Amino acid sequence: MQKRIMEKGPLHDEKGRLVETGYAMELIRQYDRKRIAANPLRIKEWDYYLVQSDRYALALTIADNGYMGLDSISLLDFDGPWEQTVSKMSFFTLGKRRLPSTSKEGRSHTAGKGYEMTFENDGKRRRLYGYMENFKNGLPIHFDVTLFGEPKDSMVIVTPFKDRTKAFYYNQKINCLRAEGKAEWNGQEYLFAPAHSFGVLDWGRGVWTYENTWYWGSASGLVNQVPFGFNIGYGFGDTSAASENMLFYAGRAHKLSQVKFEIPMKDGTEDYLSPWRFTSDDQRFEMDFQPIIDRASNTDFKVLCSKQHQVFGRFTGTAVLDDGTQIEIKDFLGFAEKVYNKW
C-alpha cells in the first residue's frame, strides 16, 4: 500500500495524535513541537546535509535529541580513500536549539568549544558554513557551501510506530540540490561546483522508540545531463501506509514500492566493503553497489548504544520511472547505510 497525503494541515491533532500517515512529495503537514504528547526528553529534531562531488563529500549534522544534542562534521575523500568524522555531544538540550519547525526556511545554529556551524535558509538558497579547530591531525576545517535549485518534488513520510501512540517519524529528504562552495583542510580546497556537485537534506522531527534499526540509501547526480537521484530505505517504524522509496528525475518524483538491501555476509556478520545488491518487489529498482568507504562508528554505553555503517560507493543498474522509462546508471556515486540505535 502506498497512501499519499494530499491535504495540508497540522501534523498532530489537539490530543497529540497523528492526523494522517503516508507519504507526500512536499512538506505538506505542519510540525508543531507544542502538540507532541510525549515527554520532551524523547523528542528528536535534526538537520543533516550531505554535499558531494564525484571525488569527495562533506556531511554536516545539527541535532537536538531531547536529553542529548549532537553536532557532527565529516569529510570524505573517495580517491584516498579516507574519511574523518568528529562529533560533539551536549546534554539536555530539550529543544533549546530551536531548530526550525519547517524545512522551507529558517536558521539552525550550534556552537561549542572550538567549533561553530550555521545552516541558513531564506527559502531560495541554503548556506552552510562553519569551522572546527581540531578536526584531523590537529588541523582545522572550514567550510562555506550554498545549496540552491531545489526540485519541485521531494520525499516526505509520516510514519507511526506500532503499539506506541506517542511515537512518530516525520521526515523529508530533498535530493539533487545544486551545490557551490568549498571546504578547506590541511591547505587543500575541496571545491563544489554546481555543474557536477549536489547536496541532499535529511530533515527529521519525531519521537522514536528506544531501540530501532533502519536502512537508508541515497544518491544524486546527472544522467545524460539530467538531474537524477533516489531515496531508498526501510526498517524504521510502521511503514504499512507507505514506504520512503522514491526516484527523482528532472525535478519530479516517481514512487517506488519496497526495496531490499542485500548486504553480503562473511563469517556470520555483514561484510560492508564487499559488493551489495538492491532489488525491489516491483522490479523498478535493480542495482549493484561497489563500496569505497565504510564510515563506521560504534558507541556503546550499555543504556545508550549506536552502531552505524554508512557506506559510500557506486551504483550500477536500472531504475524505472512511473511512465515506464528506464534509467540506466553506471558507477553512480551514493551511499547506503545500516544503523542500529538504542537511545
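This is a predicted model: local features need pLDDT of at least 70, side-chain atom pairs count only at pLDDT 80 or more; totals for chains, interfaces and linings use all residues.
Local features need pLDDT of at least 70 and side-chain atom pairs count only at pLDDT 80 or more, while totals for chains, interfaces and linings use all residues. Residues are numbered from 1 along each chain as its sequence is written, and side-chain values use heavy atoms, with hydrogens and water left out.

Me: Which residue in S13 is the bridge partner of Phe143?
Reply: Strands here are DSSP runs (E, at least two residues), numbered from the N terminus, and two of them pair if DSSP finds at least two bridges between them. Strand S11 (residues 139-148) and strand S13 (residues 164-185) meet this in the antiparallel sense, over eight bridges. Within S13, Phe143 has as its bridge partner Ala183.

Me: Which residue in the turn between S13 and S14 has a positive phi?
Reply: Five bridges join S13 to strand S14 (residues 188-192), and the two run antiparallel, with Trp185 opposite Gln188 in S14. The strands form a hairpin with two residues between them, and the turn residue with a positive phi of about 55° is Asn186.

Me: Why is the pair of Trp208 and Trp214 classed as it is?
Reply: The structure holds 31 aromatic pairs, where rings of Phe, Tyr and Trp (its six-membered ring) pair if their centres lie within 6.5 Å, with planes under 30 degrees apart counted as stacked, over 60 as edge-to-face and the rest as tilted. The ring centres of Trp208 and Trp214 are 5.6 Å apart and their planes lie at 80°, so the pair is edge-to-face.

Me: Is Leu41 buried, partly exposed or exposed?
Reply: Leu41 is in the loop between strand S3 (29-30) and strand S4 (43-52). Buried means under 20% relative accessible area and exposed over 50%, with partly exposed in between (1.4 Å probe, protein chains only). Because its relative accessible area is 30%, Leu41 is partly exposed.

Definitions and conventions. Helices (H or I, at least four residues) and strands (E, at least two) are DSSP runs, numbered from the N terminus.
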